[in-house]
Amino acid sequence: MGREVSESCIDSLLTEMVTTYCNRFYANKPELAARRIEAIGFQVGHQLSERYTMERPRFSDHLEAIKFICKDFWSELFKKQIDNLKTNHRGTFVLQDNRFRWLTHLSLDPTTENTEDPNGRSENKGAQVASMHLYFPCGIIRGALSNLGIPCAVSADISNLPQCSFVIRIKA
Amino acid sequence: MIVCVAVVGHQNNPLYIQSFTEADDALKLHHIVHSSLDVVDERVNNPRKSGPTLNETFLGLLYPTENYKVYGYLTNTKVKFILVTTDLDVRDADVRNFFRRFHAAYVDAVSNPFHVPGKKIISRTFADRVSTIVKSFGLSSAD
């Protein structure tokens with residue numbers, strides 16, 4: 001019997017965690033803040049993968065584990081599956097979520113993202129803030145996969161919001 | 001009667017080992033657990049066609065010794081569970097049931113935010129839960 005958490009609580013917690021790390025603990029070192037947030041995600045993913053792979057046969061290859069992340073793992077976290085999975089069959093996987101839940105409540109205007117105007121800098125900052133919120137889910141994916149025995153690097157791409165792509169590079 | 005249970009990490013590092021005998025034979029039981037690890041590796045690397053379903057977490061009877069039977073279980077995260085029992089007549093369903101409950105207890109223990117992954121499990125709650133599961137082993141498959 002799984003216990004559930006209110007979605008708004010998770011949203012607030014994530015926002016608060018990002019602000020705290022970026023503005024209080026590591027105010028002038030965004031890359032350090034990013035690493036800390038990613039590490040928290042890593043631990044969460046590590047523990048969740050242990051729980052969600054219970055009563056399930058072991059994965060025979062990488063693709064099966066990635067499929068597990070796309071389907072069951074994502075459903076448990078976001079109540080939906082990954083919308084599109086691409087791979088080059090050489091260890092790189094792109095997981096595309098057309099409406100990533102943790103970004104939908106951020107008030108960023110996606111239409112102004114590509115326009116060139118004097119306010120360009122502030123929008124740039126908007127994208128920067130959004131990408132800060134993605135280190136946590138990146139860490140979750142990396143933690144889950146490394147617990148399944150797949151060391152990898154995960155990055156996120158938000159060039160067209162609210163679509164979000166996670167790029168997984170498996171270390172050989 | 002279950003005489004020993006063990007949790008072994010993915011690098012064959014012991015995470016938890018507990019014996020349930022009055023006698024002073026912990027060392028002997030540890031040795032049995034230790035030697036069973038090779039059998040687990042062998043089972044996983046050369047799956048038998050006729051054996052349990054491919055890649056199932058439950059590995060079945062690893063090997064019988066004179067006095068003991070050793071069962072194994074390998075999770076998706078490459079953590080091994082070993083069970084040593086003196087019962088000669090063990091039902092497979094009972095062992096499966098045991099491992100299922102044991103796995104649930106293990107997952108709850110490592111989900112503790114203060115637990116460091118890959119380190120020994122030091123938790124009274126976990127120990128209590130394990131001894132409850134061990135005591136109820138084979139009594140009934142009601143759970």
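Buried residues account for 31% of the 143 residues in chain B of this predicted model. The C-alpha atoms of chain B occupy a box of roughly 40 × 35 × 30 Å along the principal axes. For a chain of 143 residues, a compact globule would have a radius of gyration near 15 Å, and the 14 Å of chain B therefore agrees with that expectation. Of the contacts in chain B between residues at least 6 apart in sequence, 54% link residues at least 24 apart.

**The fold of chain B**

Chain B contains three helices and five strands. Along the sequence they follow the pattern β-β-α-β-β-β-α-α. The five strands form an open sheet, in which their order is β2-β1-β5-β4-β3 and the pairing is antiparallel. At the edges of the sheet lie β2 (14-19) and β3 (58-64) of chain B, each of which pairs on one side only. From one strand to the next, the twist averages 15°.

Strands of a sheet pair through backbone hydrogen bonds, in either a parallel or an antiparallel manner. In chain B, strand β1 (residues 2-8) and strand β5 (residues 80-85) run antiparallel and are joined by six bridges. Within this pair, Val8(B) stands opposite Lys80(B) in β5(B).

| Strand of chain B | Residues |
|---|---|
| β1 | 2-8 |
| β2 | 14-19 |
| β3 | 58-64 |
| β5 | 80-85 |

**Two packed helices in chain A**

Two packed helices are described by the angle between their axes and by the distance between those axes. In chain A, helix α1 (residues 7-25) packs against helix α2 (residues 30-52) at an angle of about 145°, and the axes are 9 Å apart. The crossing of α1(A) and α2(A) is right-handed.

Which residues of α1(A) and α2(A) meet? From α1(A) come Met17(A), Val18(A), Tyr21(A), Cys22(A) and Phe25(A), and from α2(A) come Pro30(A), Ala33(A), Arg36(A) and Ile37(A). By class, the residues of this contact comprise eight nonpolar, no polar and one charged.

**The contact between the chains**

Where chains A and B touch, the contact takes 15 residues from chain B and 16 residues from chain A. On the side of chain B, the largest share is five residues, supplied by helix α2 (residues 92-110) of chain B. The side of chain B that touches chain A divides into five nonpolar, seven polar and three charged residues.

Definitions and conventions:
Residues numbered from 1 in each chain as written. Chains lettered and ligands numbered in written order. Predicted model: local features only at pLDDT ≥ 70, side-chain atom pairs only at ≥ 80, totals over all residues. Axes fitted to C-alpha atoms, helices over the stretch in contact; angles between N-to-C directions. Helix = DSSP H or I, 4+ residues; strand = E, 2+ residues; numbered from the N terminus. Left-handed = near helix turned anticlockwise from the far one by under 90°. Contact = placed C-beta atoms within 7 Å. Nonpolar A, V, L, I, M, F, W, Y, C, P; charged D, E, K, R; others polar. Pairing = 2+ DSSP bridges. Rg over C-alpha atoms; globule rule 2.2 N^0.38 Å. Buried ≥ 20, exposed ≤ 12 C-beta atoms within 10 Å, placed from the backbone.
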